[in-house]
Structure formats: structure tokens, C-alpha cells
Amino acid sequence: EQLQRLLDRGVKQFKFVDRTFNLNAEFSKTILEFFLERYQPGHFFHFEMIPDRLPGALRKVIAKFPPGALQFEVGVQTFNVEVGAAIKRRQNYERLEDNFRFLRHQTGVHIHADLIVGLPGETLESFAAGFDRLIALSPQEIQVGILKRLRGTPIIRHDADWQMIYNPHPLYEILQNKLIDFATMQRLRRFARYWDLVGNSGNFVESTPLIWNLGGKRFVASQTFWESQGTDKGVPSKALAPPRAFAAFLRFSDWLHARTGRTDSIALARLMELLFEFLTGELKLEAKPVAETLWRDYQRGGRHDKPSFLKDFLPAKEKVIPLRKTKTALPKRQARHLV
């Protein structure tokens with residue numbers, strides 16, 4: 001009755017912030033069916049969920065929603081089994097991956113998944129492997145979060161064993177620990193910020209994968225990359241796949257920070273030009289196809305003012321991609337991911 005009252009008053013966006021939403025399948029199914037029966041264009045429903053719990057009854061209802069109407073915030077946090085056990089986040093990763101594949105290939109759900117930097121026991125190498133594993137599952141957004149020490153939370157029990165040092169001021173983020181030193185943590189913080197600007201924003205949906213797909217060949221990190229990290233672990237074991245997307249985007253992140261000296265207040269057109277410079281200059285990709293990809297991404301946001309740095313690589317009368325015939329009232333960021 002309360003939800004119906006909100007719908008009657010014209011509310012279009014609903015966000016449920018209980019991360020155990022899908023543990024009770026009957027409860028979840030009832031809520032989803034309620035919204036599905038009353039769905040109108042422009043409605044948007046956000047749910048947090050446990051990633052390895054998606055029974056058939058829920059799948060059936062979820063698949064009926066139109067593209068973009070549902071967003072699931074999926075708390076992965078780590079793919080490291082030992083780290084997951086330490087923080088009491090045991091997950092069935094095979095089920096998780098199966099659920100991701102179902103959501104991406106058989107539904108129109110927008111997936112916002114998270115990984116956390118600085119968890120006790122998580123090395124740079126294992127975080128990189130987890131990032132690449134999540135990239136392979138193709139969620140629309142990956143939030144790279146920095147671990148926070150909030151007062152009263154159980155994470156404090158790891159402080160001594162893992163030498164966890166946090167900023168004493170808000171946001172109380174981790175500064176370093178036993179496995180990741182301060183300088184590396186700062187690099188990862190910049191990585192997270194640039195990933196949000198480039199990988200998550202929806203402004204570079206087609207362009208972002210070019211960073212790790214070099215002429216159709218996936219980027220493979222060399223031994224030199226790992227030696228350059230200065231970690232005691234050295235090169236990861238054979239059981240750990242060499243990072244690809246992570247290593248490639250970290251390279252871009254380091255380059256971008258060296259080029260700009262900042263992680264904020266970078267205008268979209270300037271960020272786009274810098275990405276073009278990196279792809280064609282640092283990675284030696286052919287300028288014309290890179291320019292065409294960036295131009296498609298630029299238009300996806302409804303923009304048609306051709307950036308000057310692309311003009312030499314695009315036809316003078318380049319075809320303009322028309323705006324969607326059916327206007328969407330979805331949040332802008334989610335709407336941009338609807339390719």
C-alpha cells in the first residue's frame with residue numbers, strides 16, 4: 001500500500017538499499033511482480049543483491065522487465081576465496097558468474113558491481129586478477145571502492161594482523177596495509193577515480209575496451225610490469241592468470257595522472273582528447289578507427305559538436321547518429337549504457 005501511494009504521487013525511481021533483498025525469494029518475487037504489473041516508461045528500480053542467489057522464480061520475473069528499468073547493485077568485493085572468508089563474505093563464484101551471464105545475455109538489467117581495494121589479505125596481484133575476472137563478466141559498471149574503517153564495523157579485527165592504517169578523517173579510507181604500501185594505494189585510488197570517469201560514466205562505452213584490446217589482441221601484462229611494482233610477491237604464480245584489463249588501465253591511469261596532475265575537474269572533451277592521445281600515441285593504435293569509435297561514443301550522449309582534434313580523421317560530412325526515437329526518462333548514466 002505504501003509503494004502504491006508513492007506511485008500514485010508520481011514517484012518514478014525507487015531504490016532499495018537492503019543488500020539481502022534476494023535472500024527471501026518469495027519476498028523479492030512479490031516486490032518485483034508489484035512493480036512489473038504497474039510499470040510505466042521512465043520507471044527505474046534499484047536493488048542491492050547477493051550475487052550468488054538468483055533462483056529460477058526470480059529469473060523469470062526479472063527477464064520480463066524492459067531494458068534499463070532494473071538496476072542491481074551486486075556486492076562482489078573480492079574474488080579471492082581466502083580474503084572472502086576473512087571478511088565473512090563466502091560466495092559461490094561459479095553461481096555468481098552464471099547469474100552474471102544470465103543477467104547480461106537474457107535480461108535488460110543494468111549491473112553495478114563492486115570490488116574493494118585494501119581488504120585484508122588482498123594483494124595487488126589478486127585484486128588485478130579479480131578485476132579482470134569481473135571485466136570478463138561484462139557488468140555495465142564496476143565500482144572500484146577504497147576500503148573504509150567505519151566506527152563499530154568488524155573490519156577493525158584485522159588492524160593488527162594486516163597492519164591496516166586508515167585516514168583518521170572522513171572518509172576514513174585505508175592508506176596502506178601489510179601487502180599494499182602507501183604509494184601503491186595512492187595509485188589504486190587514482191585508478192578508481194579514472195575508472196569512474198572513463199569506464200563507468202557511459203561516455204566511453206565503445207572506447208574503453210580499446211585500452212586493453214590492441215588491434216583485436218587482448219593486452220597481456222609482461223613480467224616487466226610485475227617487476228616494476230616492487231612487490232615482495234614478484235611475478236604471480238602460474239595458477240594466477242596474468243592481468244590484462246587491470247594492467248592496461250593502470251598504465252593509462254599512471255599516464256593520465258602524469259599528463260594532468262589531477263583526478264578531478266577534467267572536462268569531457270579534454271578527457272576524450274587525452275584518451276585519443278593515449279590510444280594513438282602510447283598504444284600506437286590507428287588514428288582513424290579510434291577517432292570513429294570516440295565519435296560514436298560522443299554522440300551517444302546526444303552531442304553533435306564534432307571535437308576539433310577528431311576533424312582530421314573523420315569525413316567532412318560525417319553521418320550523425322540520430323537520437324533515440326523513444327525518449328527515456330532513465331537516469332542519464334544508465335541511459336548512456338543502453339547501446
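**Surface and aromatic pairs**

Guide: The protein chain exposes about 17,600 Å², and carbon and sulfur atoms supply 51% of that. Accessible areas come from the Shrake-Rupley method with a 1.4 Å probe, and for residues only the protein chains shown count as cover. This is a predicted model, in which local features need pLDDT of at least 70 and side-chain atom pairs count only at pLDDT 80 or more, while totals for chains, interfaces and linings use all residues. Residues are numbered from 1 along each chain as its sequence is written, and side-chain values use heavy atoms, leaving out hydrogens and water.

Visitor: Why is the pair of Phe-131 and Trp-195 called edge-to-face?

Guide: Rings of Phe, Tyr and Trp (its six-membered ring) pair if their centres lie within 6.5 Å; planes under 30 degrees apart are stacked, over 60 edge-to-face, and the rest tilted. Here the centres are 5.2 Å apart and the planes stand at 80°, so the pair of Phe-131 and Trp-195 is edge-to-face. A search of the whole structure finds 27 aromatic pairs.

Visitor: What makes this a link between distant parts of the chain?

Guide: Phe-131 is in helix α6 (residues 124-137) and Trp-195 in helix α7 (residues 182-200), 64 residues apart. Helices (H or I, at least four residues) and strands (E, at least two) are DSSP runs numbered from the N terminus.

Visitor: Why is Phe-131 called buried?

Guide: Buried means under 20% relative accessible area, exposed over 50%, and partly exposed in between (1.4 Å probe, protein chains only). Phe-131 has 0%, so Phe-131 is buried. Trp-195 has 4% and therefore also counts as buried.

Visitor: What makes the pair of Phe-276 and Phe-313 tilted?

Guide: The ring centres lie 5.3 Å apart and the planes meet at 50°, so the pair is tilted. Phe-276 lies in helix α10 (residues 268-282) and Phe-313 in the loop between α11 (287-300) and α12 (332-336), so the pair ties together parts that are 37 residues apart in sequence.
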